[in-house]
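The sequence and structure are shown first.

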Amino acid sequence: MDRKDVASWLSGPQMDQALDGTRTQPGERLGLPTAGPGSVSPWGRRIIALGIDWFVVLGVSLAIVGAPQPGDNRFGLANLTVLVVMYVILLMTAGATIGMWLMGIHVLPVGRERLSFLRVVGRSVLLALVIPAAVFDRDRRGLHDKVGGTVVVRAR
């Protein structure tokens, strides 16, 4: 991650515009196609996939710790733990979570042959913190994707 990456997050509504003023499509800088399979996933698919994943997480958490009780933080901690574990296991084995698979998207490493375990763990923990996912660059890569060295692309 360098200054240009951070500057692209701060550029506001002109996110498709490079620092030198030229316009680019999301993923073009990464050598990805601009449309179709292999292109950077649109926001709608990613948000719906995350929603599906949260429903799965809530179901698993309910099965593990039961219904949340007032003043009991175990349910919230269980949710975050299940989310991180689910993301690590599924991204390392399948390259996609349940929600991603249903929405036709998956996670690819950028500049490497395969996903690294430590990078997937870091990506998953940051995603659970929510804020890093809300900070993104013009390639639609959140801070969690930058740390993980990943990009979310369309599978179909």
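H5 is followed by Val130, which has a positive phi near 70°. The model is predicted: local features need pLDDT of at least 70, side-chain atom pairs count only at pLDDT 80 or more, and totals for chains, interfaces and linings use all residues. Residues are numbered from 1 along each chain as its sequence is written, and side-chain values use heavy atoms, without hydrogens and water.

Helices (H or I, at least four residues) and strands (E, at least two) are DSSP runs numbered from the N terminus. Helix H5 covers residues 117–128; at 1.5 Å a residue its 12 residues should span 16 Å, and the end C-alpha atoms are 17 Å apart, which agrees. The expected span is 1.5 Å times one less than the number of residues.

Buried residues (under 20% relative accessible area, 1.4 Å probe, protein chains only) of H5 include Val120, Arg123 and Leu127. The buried residues of H5 pack against partners including H2, H3 and strand S1 (105–109), with contact meaning heavy atoms within 4.5 Å.

Two helix pairs are listed below. Axes are lines fitted to C-alpha atoms, for helices over the stretch in contact, and angles run from 0 to 180 degrees between N-to-C directions.

| Pair | Axis distance | Angle |
|---|---|---|
| H2 (residues 43–65) and H3 (residues 74–93) | within 9 Å | roughly 125° |
| H3 and H5 | 9 Å | about 145° |

Note on methods: Buried < 20%, exposed > 50% of the residue type's maximum accessible area, 1.4 Å probe, protein only.
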